[in-house]
Amino acid sequence: MQPSYLDRLGAPVKDFVRELEQRANIDIQVLPDPLLNCGGPLRQGHLEVLVEERRNFIFAPTNGYFPDGAVRHELLHVKRFHVDGVPKLTAAARGGGSISPDAMGHLDNAIEHIAIVPWELRLHPERREHWEAVMHGVCLALPDVPRDELNLALCMHWTFLRHVLPESKPAETARRFAVGQGLLEMADRFADRFLAARNKEAAVQLLFATFPEMDKDHAVLEYISSRTGTVQRPIIP
């Protein structure tokens with residue numbers, strides 16, 4: 001990471017950057033993007049990350065928003081893929097299928113957040129305000145989700161809320177919505193099984209088995225490594 005950004009971080013996050021770059025044999029670059037200046041649930045700006053074999057970028061606003069907790073969040077994404085060997089759910093290189101690459105990326109992000117955000121909040125409890133605001137917006141939008149996408153959306157959001165923000169106002173909003181739709185029992189059953197999955201591969205298999213309308217033949221698990229290259233493997237069974 002460039003010194004101009006590294007020097008803005010507290011010592012624990014700065015050390016995490018250096019350790020991560022060394023262990024993964026990568027250089028994490030920060031790229032300024034003024035389009036991110038007014039993003040985020042609190043309208044202060046937000047960060048985004050790109051994780052690939054050779055390109056690993058954190059996109060940051062130009063308004064000075066670069067807090068330790070938000071940076072740690074993006075670094076945890078990098079760590080999961082590069083160091084922990086966790087695969088990324090992505091669209092198959094051959095294309096096709098009923099789910100767009102962007103939608104697949106959003107789904108993978110939702111899966112990753114169930115694992116990442118608890119660690120983020122343990123290290124940066126001030127980030128709870130951010131995540132409660134994010135999920136408040138998500139829950140308010142649930143009535144507008146297309147009916148054929150609602151079960152999947154509710155199951156994923158409810159799993160996150162139950163695991164990460166169980167006593168929050170967004171969790172209560174989601175619970176009331178699920179009860180009103182007659183979907184709380186289904187969402188609870190899915191969350192129980194998802195959170196008990198032994199690894200991400202098992203969680204993804206559960207996801208496609210529960211929602212067979214998603215075409216797993218056009219999705220793959222992508223294993224990223226700067227040392228051995230990137231490999232795509234099918235979702236089995």
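**Close-up views of a pocket and its aromatic neighbours**

**View 1. The second largest pocket holds about 250 Å³ of space.** A pocket is an open set of points on a 1 Å grid over the protein atoms alone, where a 1.4 Å probe fits, with protein on both sides within 12 Å along at least five of seven lines. Its lining has 13 residues; R80, A115, F194, A197 and N199 are the closest to the centre. Lining residues have an atom within 4 Å of a point. By class, 8 are nonpolar, 2 polar and 3 charged. Helix α4 (101-123) gives the largest share, 3 residues. The model is predicted: local features need pLDDT of at least 70, side-chain atom pairs count only at pLDDT 80 or more, and totals for chains, interfaces and linings use all residues. Residues are numbered from 1 along each chain, and side-chain values use heavy atoms, without hydrogens or water.

**View 2. F57 and F59 form one of 5 aromatic pairs in the whole structure.** Rings pair if their centres lie within 6.5 Å; planes under 30 degrees apart are stacked, over 60 edge-to-face, the rest tilted. Here the centres are 6.1 Å apart and the planes at 80°, so the pair is edge-to-face. F57 is buried at 18% relative accessibility; F59 is partly exposed at 22%. Buried means under 20%, exposed over 50%, partly exposed in between (1.4 Å probe, protein chains only).

**View 3. Ring pairs join F190, F194 and F211 in a cluster.** The F190 and F194 centres are 5.6 Å apart with planes at 35°, so this pair is tilted. Both residues are buried.

Key
Points joined across faces, edges and corners; volume = space filled by probe spheres on them. Helix = DSSP H or I, 4+ residues; strand = E, 2+ residues; numbered from the N terminus. Nonpolar A, V, L, I, M, F, W, Y, C, P; charged D, E, K, R; others polar. Phe/Tyr/Trp six-rings, centres within 6.5 Å; stacked < 30°, edge-to-face > 60°.
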